[in-house]
Amino acid sequence: MMAPKDWLARYGCTALIVVSFAFIGAIVAWPLLHPLWAPQVTIAQFAPGGSR
């Protein structure tokens with residue numbers, strides 16, 4: 001049976017690695033996914049007389 005200190009060290013290190021990969025993956029994916037999330041048309045272009 002593992003002591004709480006050993007459990008925290010093992011799973012804490014694993015969690016840190018997973019979070020760091022997710023953070024780096026988000027930084028890499030942001031330029032690729034940003035055009036999908038950001039609308040190309042603004043609200044002003046839908047307004048009457050907008051974008052002249």
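This is a predicted model: local features need pLDDT of at least 70, side-chain atom pairs count only at pLDDT 80 or more; totals for chains, interfaces and linings use all residues.
1. Of the 52 residues in the chain, 0% are buried.

2. On secondary structure, the tally is two helices and zero strands. Helix α1 covers residues 4-37. With 34 residues, a straight helix would reach 50 Å at 1.5 Å a residue, but the end C-alpha atoms of α1 are only 43 Å apart.

3. Have a look at Trp30 while you're on α1. There's a kink of about 55° at this residue, shortly before the proline Pro31.

4. That end of the chain also has a nonpolar surface patch, made up of Trp30, Leu32, Leu33, Leu36 and Trp37. Together they have about 620 Å² of accessible area. Leu32, one of the patch residues, sits in α1 and counts as exposed because its relative accessibility is 65%, over the 50% cut-off.

5. Now for the aromatics: the count is one aromatic pair. Trp7 and Tyr11 have ring centres 5.2 Å apart and planes at 50°, so the pair is tilted. These two residues are four apart in helix α1, which means about one helical turn separates them.

6. Are Trp7 and Tyr11 buried, exposed or partly exposed? Trp7 is partly exposed at 48% relative accessibility, and Tyr11 is partly exposed too, with a relative accessible area of 43%.

Methods:
Residues are numbered from 1 along each chain as its sequence is written. Side-chain values use heavy atoms; hydrogens and water are left out. Patches are made of residues with over 30% relative accessible area and no salt bridge: like charges are joined within 9 Å, nonpolar side chains (Val, Leu, Ile, Met, Phe, Trp, Tyr) within 5 Å. Accessible areas come from the Shrake-Rupley method with a 1.4 Å probe; for residues, only the protein chains shown count as cover. A salt bridge is a side-chain nitrogen of Lys or Arg within 4 Å of a carboxyl oxygen of Asp or Glu. Buried means under 20% relative accessible area, exposed over 50%, partly exposed in between (1.4 Å probe, protein chains only). The expected span of a helix is 1.5 Å times one less than its number of residues. The bend at a residue is the angle between axes fitted to the seven residues ending there and the seven starting there. Rings of Phe, Tyr and Trp (its six-membered ring) pair if their centres lie within 6.5 Å; planes under 30 degrees apart count as stacked, over 60 as edge-to-face and the rest as tilted.
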